[in-house]
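Below is a short report on selected features of the structure shown here. It starts with a domain contact and then turns to local features.

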Amino acid sequence: MTTSHPGSLLTAHDLRKAYGPTHALDGAEFSIHSGEVVAIMGPSGSGKSTLLHCLAGIVPPDSGSITYDGRELTKMSDAQRSALRRSEFGFVFQFGQLVPELTCVENVALPLRLNGASRKDAERTALGWMERLEVDDLKAKRPGEVSGGQGQRVAVARALVTGPRLLFADEPTGALDSLNGERVMELLTDAARSTNAAVVLVTHEARVAAYSDREIVVRDGKSRDVERAI
Amino acid sequence: MSIGHTLLGLLESGPRHGYDLKRAFDEKFGHDRPLHYGQVYSTMSRLLKHGLVEVDGIEAGGGPERKRYAITDAGITDVQRWLATPEKPEEYLQSTLYTKVVLALLTRRDAAEILDTQRAEHLRSMRILTDRKRKGDLADQLICDHALFHLEADLRWLELTAARLDKLSEAVTR
């Protein structure tokens with residue numbers, strides 16, 4: 001089991017979450033430091049996505065504690081948790097979940113616009129991130145006009161555009177072929193490490209987990225930290 | 001595979017004659033490569049010399065004397081250490097892992113722990129290869145990919161075995 005390390009950015013202790021009779025989490029432990037990439041692994045239905053949703057404040061656990069940067073997530077109001085997610089967290093999901101009506105650069109700029117930035121400033125910053133993710137040539141295209149791998153890189157750029165301290169990635173390469181998946185992982189981890197952002201990476205693929213610094217294994221709702229940080 | 005450790009593990013359930021040990025080994029792990037009697041007796045002599053087994057009794061009969069062997073405390077510690085040490089990841093090591101998992105189940109140790117430790121060791125190797133791949137040229141990438149795919153296959157076997165531990169436990173302890 002993971003112990004709460006001093007200086008952790010995010011720590012979870014004894015998380016429990018049930019959906020009816022099913023115990024999705026049954027005493028899960030987790031911790032991550034700034035700049036660290038931690039893979040959450042485990043078979044289908046083991047509770048790894050539930051763990052990610054609890055850690056990100058999307059789903060409240062039934063019991064247990066989640067501490068982010070000294071603040072207890074479970075004691076925050078919904079509005080406070082939403083504000084935290086907008087300002088400090090970034091998200092990448094299996095399918096990019098880009099807004100189809102917007103161009104790619106508008107999609108990447110969207111979180112900045114929602115935080116009140118002007119269109120010009122937001123799109124300039126967005127384009128910088130698109131260059132880093134090697135998709136700046138797609139700025140005027142809509143999501144329906146780009147490939148799955150390109151769309152996922154746009155989604156990574158959108159997740160990083162606000163400078164989050166913590167990035168949650170749920171099977172980010174699950175819908176991609178091997179080559180595209182690896183390139184997305186290279187770009188995602190390089191970008192996160194360059195900004196000292198921590199990455200919580202849910203994956204069932206060992207080749208994807210190999211981009212992490214260490215892994216946490218979830219089985220039957222319990223998580224085990226089987227390797228200390230390198 | 002370490003025949004010595006495997007025979008020691010088989011002795012944990014109770015003292016046996018060399019012949020019984022060979023039969024148990026062949027049945028559970030021998031598959032198409034059964035042990036020779038000579039291997040059993042030379043291995044037992046070595047284990048005896050190192051204090052990992054002791055002679056529990058000798059039956060005199062018409063033929064040669066039949067020694068019955070029992071594992072010592074030092075032998076149990078040795079088996080425990082072997083089971084807990086992950087194998088160096090390499091191609092086609094499933095037979096050793098399979099032996100470790102079955103022995104753990106037979107001796108009521110935590111087989112899931114062995115699989116988890118091995119998974120961590122495999123991932124450690126995969127991280128090193130992935131890092132080399134990121135920094136290397138195309139030749140490096142292809143060489144690393146070859147190794148990565150083999151390690152990934154091992155990991156898939158580890159996952160499947162972990163998911164089947166309950167059934168395997170029933171089968172091996174029947």
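Domain 1 of chain B and domain 2 of chain B bury about 1100 Å² between them. Of that area, 67% is on carbon and sulfur atoms. Buried area is the accessible area (1.4 Å probe) that two parts lose on being put together, summed over both. In domain 1 of chain B, the residues losing the most area to domain 2 of chain B are Phe29(B), Trp82(B) and Leu83(B). Together they make up 51% of what that side buries.

Domain 1 covers 3-84 and domain 2 covers 96-173 of chain B; such bounds come from an automatic or database domain assignment. Their C-alpha centres lie 28 Å apart. Domain 1 of chain B gives 14 residues to the contact and domain 2 of chain B gives 13 residues, where contact means heavy atoms within 4.5 Å. One salt bridge is counted between the two domains of chain B. A salt bridge needs a side-chain nitrogen of Lys or Arg within 4 Å of a carboxyl oxygen of Asp or Glu. Arg109(B) forms a salt bridge with Glu12(B), with the closest N and O atoms 2.8 Å apart.

## Model and conventions

This is a predicted model: local features need pLDDT of at least 70, side-chain atom pairs count only at pLDDT 80 or more, and totals for chains, interfaces and linings use all residues. Residues are numbered from 1 along each chain as its sequence is written, chains are lettered from A and ligands numbered from 1 in the order written, and side-chain values use heavy atoms, leaving out hydrogens and water.

## A sheet in chain B

An open sheet of three strands in chain B has the order β1-β3-β2, with antiparallel pairing. Its edge strands are β1 (16-17) and β2 (53-59) of chain B. Helices (H or I, at least four residues) and strands (E, at least two) are DSSP runs, numbered from the N terminus. Two strands pair if DSSP finds at least two bridges between them. β1(B) pairs with β3 (residues 66-71) of chain B over two bridges. Arg16(B) stands opposite Tyr69(B) in β3(B).

## Single residues

Gln118(B) lies in helix α6 (residues 111-135) of chain B. Gln118(B) is buried, at 2% relative accessible area. Buried means under 20% relative accessible area, exposed over 50%, partly exposed in between (1.4 Å probe, protein chains only).

Most residues other than glycine have a negative phi. Glu134(A) has a positive phi of about 60° and is partly exposed at 39% relative accessibility. Asp220(A) has a positive phi of about 50° and is exposed at 58%.
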